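Please keep the sequence and the structure in view while reading.

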Amino acid sequence: MPVRFLSDAELARLSGWPDEIADDDLVTYFTLSSDDLGWLVANVRVENRIGAAVQLCALPWLGWIPDELTGCPSAAVDRLAAQLGLPGDDVSAMLAGYGGWEGRTQRDHRALVLARLGWRAFAGHRKQLDAFLQARAMEHDAPGVLLQLACDWLRNERIVRPSVDMLSRTVAAARDGARAETYHRLAPLFTPRRAAGLDGLLDVDDDLGMTRLAWLRRGATAATPEVLKAELTKLEFLRAHGADRLDLSVLPAGRRRMLVETGRRSTNQALQRADVDRRYPILLATLAETYVEVLDELVQLLDQALAGADSRARYDLSQRVVERAKIEIDRGRLLDEMLDILADPLVSDADAGRLVRERVGMQRLQAARRPAEERQPRDHGHFDLLAARYKYLRTFTPAVVAHLPVTGNTANPEVAALLAAVDVLRELNAAGRTTVPERATSQRGHDLRAGSLARLPRPDPWAAGSRGRVSALLGTERAVRGAAETALGRHVGARLPPVYRSDDSAHPGWDMGDPTRRLLHRHRYRR
């Protein structure tokens, strides 16, 4: 069956002489050495030397020798004629009459050219090219890319390039072989249950009004509780289909990338009509990549939701600070009057208190005094405003924290204390309690206070009430991000940039490091 994937312009370019030749190529490939000239004089008659010289120079330039030598660029022919000492007026006629009876002379000279340059005919090297393209097709499925790779390989191996039609057939066979090899490597994963689940992705779900595959492709639009819960539903669905346990490392990274891209741009009808050996690998790779994307998106949405709550708290804080500044004006004046007395070196310590009460007045002093419980913390109440939004945060954070894996180096006391805080937060969410249990305020609370969360000036993350829970939640969110990256590192053993990493090296953007570095620093609250 004919195989056609080249345009007419590409086919013409690969089947004949180029219209023009670059100056560098003209000098590099169409300059005859003294040995070349001696070889031509010794083996070729004068009237045939221009034709033999064209073949001698065309092979290294193009990787093959066109049958019609008159199509050689005129600049190249003129350069060769000048080196051979042939008159320019007779060169065209010599080249047109070159070839001999039925082209026998041209074929004989071609064999001599191959022997002189050390090139080989393609006929005995078909299997080597097939094996090369089979390996490349596992990483690059684009036929144009494979065709260029085949031409480059033939040139490097000093093998004469065959016709474009034969190369096209060879490329098509390599693509079919790569598809069969892909299915063969993934065959152990296609159990009857999983195969039924993959086919079910293409069926329309009555509740959703669309296929499950289309539903999984829909990304989040806003960091709202409803969207977060929808992403969690996707995560549960993917885990139910084993997407978090898929190991596709048997395939090269390029092949995985190609399968994912094919799954994204293919319509539901096209996937349904595709053969099993093509459809199942595409759907499996799509599931694995979608799990990575949903998990990453879920962490990002949680980060945005917490950042939004913090931003609103900061806005309320700015309004509160403005109102408080107006009240503090009178207190500032009172302080100035008191400092005038207390800083006067002529006023003794024994008289300082009496003079303050007499000149300022006890009534003003009592009015300006704030009870201890009403005095603002060093963060001006920012954390209190954030804690007041814990009820809103709790509409989605318990589910997110429960579903995202949080891991770390437990040999590090700070990391172990942070993981303990996450466990307690999960227990509170699961039981619906609002008070931190007493057991969490003993040694584990001490360890946590002595560790990374001690960088927060207040409150104690293990203290009862929403302030303690929000503090732990802020640290948990950062730990969850790092832990999600660790989980993704285990998943599929790969992540393309941005999806997989190569089989033997970790993607530099996914270095988890120490999760305690993700905690909020106290200077953020002191500002």
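Helices, here at least four residues long, are DSSP runs numbered from the N terminus. The model is a predicted one.

Most residues other than glycine have a negative phi. Arg-158 is not a glycine, yet its phi is positive, at about 55°. Its relative accessible area of 41% makes Arg-158 partly exposed, because that class lies between the limits of 20% and 50%.

Helix packing can be followed in α3 (residues 34–43) and α4 (residues 49–62), whose axes are 10 Å apart and form an angle of about 135°. The two helices are therefore oblique to each other, and their crossing is right-handed. On the α3 side, Asp-36, Leu-40 and Val-41 take part in the contact, and they meet Arg-49, Ala-52, Ala-53 and Leu-56 of α4. Sorted by class, this contact comprises 5 nonpolar and 2 charged residues, with no polar ones.

The next topic is charge pairing. Side chains of opposite charge can pair when their charged atoms come close. The structure contains 19 salt bridges. One of the salt bridges joins the side chains of Asp-277 and Arg-179, with an N to O distance of 3.7 Å. This pair links distant parts of the chain, since Asp-277 belongs to helix α16 (residues 276–342) and Arg-179 to helix α10, 98 residues apart. Asp-277 is partly exposed at a relative accessible area of 22%, and Arg-179 is likewise partly exposed at 26%.

Helix α16 also contributes Glu-289, which forms a salt bridge with Arg-264, the closest N and O atoms being 3.8 Å apart. Arg-264 lies in helix α14 (residues 253–265), so the pair ties together parts that are 25 residues apart in sequence. Glu-289 is buried, with a relative accessible area of 2%, whereas Arg-264 is partly exposed at 39%. Both residues belong to a network of salt bridges that links Glu-261, Arg-264, Glu-289 and Glu-293.

The closest N and O atoms of Asp-351 and Arg-354 are 3.5 Å apart. Asp-351 is partly exposed at 31% relative accessibility, and Arg-354 is partly exposed with a relative accessible area of 36%.

Methods: Residues are numbered from 1 along each chain as its sequence is written. This is a predicted model: local features need pLDDT of at least 70, side-chain atom pairs count only at pLDDT 80 or more; totals for chains, interfaces and linings use all residues. Side-chain values use heavy atoms; hydrogens and water are left out. Axes are lines fitted to C-alpha atoms, for helices over the stretch in contact, and angles run from 0 to 180 degrees between N-to-C directions. Angles under 35 degrees count as roughly parallel, over 145 as roughly antiparallel, 65 to 115 as roughly perpendicular and the rest as oblique. A crossing is left-handed if the near helix is turned anticlockwise from the far one by less than a right angle, and right-handed if clockwise. Contact means heavy atoms within 4.5 Å. Ala, Val, Leu, Ile, Met, Phe, Trp, Tyr, Cys and Pro count as nonpolar, Asp, Glu, Lys and Arg as charged, and the others, Gly among them, as polar. Buried means under 20% relative accessible area, exposed over 50%, partly exposed in between (1.4 Å probe, protein chains only). A salt bridge is a side-chain nitrogen of Lys or Arg within 4 Å of a carboxyl oxygen of Asp or Glu.
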